[in-house]
Amino acid sequence: MNPLRTIGTGLLRVFSSFRLSVTLLVFLGLLTWLGTLAQVDRGLYEVQKEYFESLFLVHRVGALGIPLPGGNLVLGLLAVNILVGGLWRMRGRKNVSGVIVVHVGILMLFAAGLVKLQASNDGHTTLYEGESKSYFQSYHELELALLRPLADGKIEERTVDGASLAHANPSHPAVVDGQGLPFRVEVTRYFENAGVMPKGPMFDAPTPVIDGVFARPKPREKLNEQNGAAVYVDVIAADGSVQNGLLWVYDAHPWTFDVAGERYALDLRRKRFPMPFRVSLERFRKEDHPRTGMPRWFSSDVTVDSGKSSRLVTIFMNEPLRQDGLVLYQASWGPSNARPGDPLFSSLAVVRNPSDQWPLWGCIVIAAGLLWHFGRKLIRHVSREVARP
Amino acid sequence: MNTQLSLNAFLPLRRTAVLLLLVGSLALGSRAVSAAPTLTAAAHPSATAVQAAPEAAPIAPAVRARPAVTARKVDWSKTSLVVAGSLPIQDGGRVKPLSTFANFTLLRLNGKSTAKDQAGEKLDSMRWLLDTFVDPRRSGEYPIFQVQDSATVHAIGLEVDTKKKRDRWSFAELRPAVPKLFDLAHEYSQIEGKNRTTMQAQVVMLAEAVDIYLGLAGFLDFARMPIPLSEGGILAQEFGTARLNFSDLVRRGGDLSALRSRLEKSDDPLEREASRELASVLRFAADLGRASLHVALQPPDAVLSAREAWHTPGELLSSAFDGMPATAAELAGLVALERLGASLGSDNTVDMAEAEAALVALDASTGPIAAARGETRRLDLEVTYYRLDLLMYALAAYILAFVLAAFSWLRPAAALLPRLTFGAATVGTLLMVVAITLRCIIRERPPVSTLYETLLFVTATGAIIGLSMELINRRRIALYATAALGMVGMFLSNGYETLDKRDTMPSLVAVLDTNFWLATHVTVITIGYAAGVFAALLGSVYIVVRLIRGRASAPEFFTSLGRMIYGTLAFGLVFSLVGTILGGIWANDSWGRFWGWDPKENGALLICISQVAILHARLGGILRELGIAAAACFAGTIVAFSWFGTNLLGVGLHSYGFTEGINSALWTYYGIQWSICALALVVGVREASMVKSQVSEPPATSARGRTTTPAT
Amino acid sequence: MNSIQRTVFAAAVVFGGFLSWSCGHDESPTFSEPLTFENFGTRFGVSTSERFGFSSAPGGASAAGAPAQGPTADAFLYDLPEGWVERAPTSMRLINLGHEDDPRVELTLVLLAGDGGGIGANVNRWRGQLGLAPLPEGEAEGLPTGTLLGETAVRFDASGAYSGMGSTAESDFRMVGLLAIDVAGSAFLKFTGPAALIATELASFEAFAASLRVKDPDAAPGSVGVPPAVSATAGDAASGAPVVEAPEALLPNSKDGLSWTPPSGWRQAPDRQMRSVTYLLGPQGEAECYVAVLGGDGGGLKSNLDRWRQQMGAGPLSSAELAGLERVPSLGGAAVLIDVPGAYRGMSGERVEDALMLGAVLSQTNGGSAERTVFVKLVGPTGTVEAERGAFRAFVQSLEGAQ
């Protein structure tokens, strides 16, 4: 017997087995449950990365560590299992058309998830009335941006992913090459969460003091978007001269420096993504239920200007704007302590997701398949039962 | 959903409290009070608080001696109760009948929607509310503040020796400790909800309750207390009287506003001084009006205004001064309220005929406007809904069904009993369907939009699944399960209402305000819950019966029951899976992501996973009848986790006591279902050993036999 | 190959696949290619303090924690001495200054509601920070005084080993400060640093303290801690023993935006808290007349007149009596005159049995609401005061608003 063939058949048998399906489902259930409980102490972002977007993880129960397969691994194997067991092995059998349809629908959901994981960006653009923007900004991801003011008032930007700086420390700084620039940037310290404060006379700063201020590291926040990262940078010019800067996600303006008579600035910020159109907030409306502080309705009237044409759109809860592959949602508003009459801002969540509508189609397919399959079974069963004396 | 108090919530409260103390002392003493002390007291609340303080010191013995109980001489007339009960009030963002307001307010304070007066006579919520409005001294004696823990009472400096650990207190008993209570509550309300100790949470809850009570008891302060003017002063000349009614002040609001700016701008220092008196009169009136912050009985006149917010008397006053004169109807309403307030005579008895006339006049002034605004269309229906109390009758029908079912187990041969059981369960279910339909009409919403309604809907849906099943296979199993499910479901929804203590038809926050998604996602997934719970119930029946009787006694019964479990699970899977994906699509449309691994989403996913796993395990021969029954029981706990458990993970749902109550119910359910799973193991092991000893028996009874084909 | 082997093999294949897919890439970070963007509010060359929100420069949203209530750092005006630097205010420190030469030097202004435990407790708290023993009971009240924000303040000056907020002690430090303590609200100005530097900067500190003032006292009376009503009574309390001292050179007869002509024979007494001017009258200076100015309506006409009447042992005015008071033109409006015979009781316990009080209340209005109110009060033995009745009326009418 051909050993390769044996192995092939064996693999197929393993991957198509109900036993594997059930095992994977149990693992997925366990993972979901543990991941839900872990959120209570650790916040969604961290748990999502560790439990659901991973291959392996170690779940801690007190001092005990339980190794588990991660969400990506389980779902990946499950997809293979559905392909092989739920579609390929089903061919030619009787009364399984509904089941095949359901499995196709489930695979559509998987595909939507995979595409979303690999190819989507999300963030927000926050506008006061009258303001306009043509970019949106990540809630989580960071970037280090090198800015150069241009004569026409525009800005030339070079960016580097914040994650590639996270390991920086004084003995192993992260060196960012600037091709064609008269200097290089060295990130000497990176803090995931820090506060910046002025140095007083009565205490020692744990980190270098630059221009009277220093970054004080803080423990991670449960909600990742509340972490305020800070970095110390050295700008080293070709002649060896060094300028030190302190950058913070929450600083109001970038750190400006001059090299060889040219002005530059460095900014540590949430990652920005350009939008192919410009959004201006014309009017933000918010209504409460009468005599309560409970919001009933909020909406943003925005002008969307794509350069060629411009139109007025109202975005409100459950009614997003879809344009040029981006979807804009009414996410929130603020400031939360605003008094009547104060200017309000509207925060629009922005998502680029090629698989945006796939789940809807998947849902229709699944529902159809389930109804067809179980409906037929039910009718058969009922007619048999009713016929029973 | 959260009732977190805002940081400053207790500052205005204290003012209200002080006013009430003031009013109390006025009512106690002579009703003719000279201008000067009144105005001073109003302007310096702290002064009154200090006056109240000496009372607070020797609380213990003074409080214990209850005043002589005076039985009610005359009751509210039937007309008064009916008219008052159907008065529209805007509360919690919607217009509702005053009877609903009374019901849930009393539930909130007292833990049930009836009260007892100091003599132990039972009072319904409408009588209690009218007493509180019109005769606050009397209602102050009713023990209506439920305190769970004596530590709370200790903390605010009251002696507890003569009361039980859990007991009800009257406002009169609590009154000396109110300043301390509010101070402490203000302090504790700055602690995040879940970090509060039991005592702290109880103090905050009690303070909220007292604040609510003060708002109601002080509501007619403005009507009881004409505002005195200084003798011979400019105002007394202007009005030609030494006392002003609140409604006069509102009626003359525009004139007074003009008078005030004239006096203020006058070159004559004495006229400017008169403007100070006017200012203090207005401040006093505004303080009186502020006592009624939450009782908005008067709709804005449809002709004049498209505004939505209804008015309290205090708001009518400030509008009048801001150049928006009160309409004739609004003034008529105020006058009616003043009549109602004045129906409490100087001898502290209420003139019931006068009160009735005042209520009728109030209704006549507000009803037509509210109707013209289209806000009362479903008001009568709501009054009817609560009066019919269909849910209580449904509960009774299910209990009857359950009792009949129990009898029919004792006499399996009797044919009549199962029929009666079926009849009773059907009646119960029909009542539920009618009740849910009424709620849908009243709210103009799909059947499920709050956690409370999921309970009603799951019960009704489960019962309908069960009854349909019974109609199909006529084996009585589904019927008995239906009776049990209906009874337990109704008990739970009653319990939930009591724990939640607030209107079960609330306004919805923006993201939920979409009938499309409520009708699709929420309804579908709730049907999924119902199927999951019903499958778990059938699974429990299967395991318990098989433990007692053994499969061999009636294989056909077990096969059939197993098939019912399988069918319910499959039914549930269709709804859970589609409902969960619909939820994702909704999330994608409102937040921009299909799936966010958020606890509630994960809970729904867990239900789907459990049901898919069971069906695949059945197909793969890993689980057979017994195993499926046990797995269905376990999946039932997953449904419960997803339904209620996930809400308890984060910040406390509403308040300490509430989460506590749900938690214990939840763990009881987990405990029962897991014990039944353990019983299944016992059955499996026992039957496996029987198979070993009797080799002749076919291996079909093995719970985990691999070689046998699925028993479809 | 049995099923277990197959399973293991399959797992290994899959695992390997995942490993190769997920293997990291460890390159050094590089800036992306330059792209040109519109400028959405980015500013270049912004100072460090503005970048991090430590200055209240216009445009920069202040992230620094200013206290939610009460006066904020920008409620004060002062002249910054040379060599001193401003630091970001904190929630407690409304003014937070340092010195160029030594970062350990601190000058802070802290306001508290209430009296913070009284003079003794506060002085001893500061002494504790210098490692010094508390003063004996009552001794703190005997410390020299100065002025802080227009209020009488205790002067503090001591040296020792300074341990501020829990850090290690700095030896040879000196602390100079002013504590204006009142139940209505207290202010603490504290200057700490190495003794040598403090000594050289002492004059600058005095100049700073003298220059420190509230930016707009009328806009927020009482927000700096001392409500006008309280200040007014404090002024009366101080009006106790008449100063029988030969008046020094007459100051120009205008102050606080008022000018007047003093009648002959009135002798000006030294300046007093809360008063624009005080005159002594009568052969022995046994009667006193003063002018005080308060922002707004000063608490109202009736309440002030009633308070004066109370000092003379008389009851409050009735509406009719109030309406009957004489009015004379003054300051572009009408002044209300009152005379109250009786037994005068000053706040500090002095009594004049057969006394007469002449009072006048004038308010200057600005489009309706009172902008400020001027109080003129003459009190003394009946004989002396009767003789000055005409002079008093002339004095009141001589009051004019000065620029």
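A residue is called buried when its relative accessible area is under 20%, exposed when over 50%, and partly exposed in between. The structure discussed here is a predicted model. Across all its chains, 52 salt bridges are counted.

In chain B, B:R475 and B:E556 form a salt bridge with an N to O distance of 2.7 Å. B:R475 sits in the loop between helix 24 (451–473) and helix 25 (477–500) of chain B, and B:E556 belongs to helix 27 (residues 555–590) of chain B, so the contact ties together parts 81 residues apart in sequence. With a relative accessible area of 17%, B:R475 is buried because the value is under 20%. B:E556, at 47%, is partly exposed.

In chain A, A:E157 pairs with A:R269, and their closest N and O atoms are 2.8 Å apart. This pair links distant parts of the chain, with A:E157 in strand 5 (residues 155–161) and A:R269 in strand 13 (residues 262–288), 112 residues apart. A:E157 is buried, and A:R269 is buried as well.

In chain C, the salt bridge between C:K302 and C:D306 has an N to O distance of 3.0 Å. Both residues lie in helix 6 (residues 301–311) of chain C, and their spacing of 4 residues is about one helical turn. C:K302 is partly exposed, whereas C:D306 is buried.

Salt bridges with shared partners also join A:R42, A:E46, A:E50, A:E192 and A:R220 into one network.

The relative accessibilities of the paired residues are as follows.

| Residue | Relative accessibility |
|---|---|
| A:E157 | 9% |
| A:R269 | 5% |
| B:R475 | 17% |
| B:E556 | 47% |
| C:K302 | 24% |
| C:D306 | 14% |

Notes
Residues are numbered from 1 along each chain as its sequence is written. Chains are lettered from A and ligands numbered from 1 in the order in which they are written. This is a predicted model: local features need pLDDT of at least 70, side-chain atom pairs count only at pLDDT 80 or more; totals for chains, interfaces and linings use all residues. Side-chain values use heavy atoms; hydrogens and water are left out. A salt bridge is a side-chain nitrogen of Lys or Arg within 4 Å of a carboxyl oxygen of Asp or Glu. Helices (H or I, at least four residues) and strands (E, at least two) are DSSP runs, numbered from the N terminus. Buried means under 20% relative accessible area, exposed over 50%, partly exposed in between (1.4 Å probe, protein chains only).
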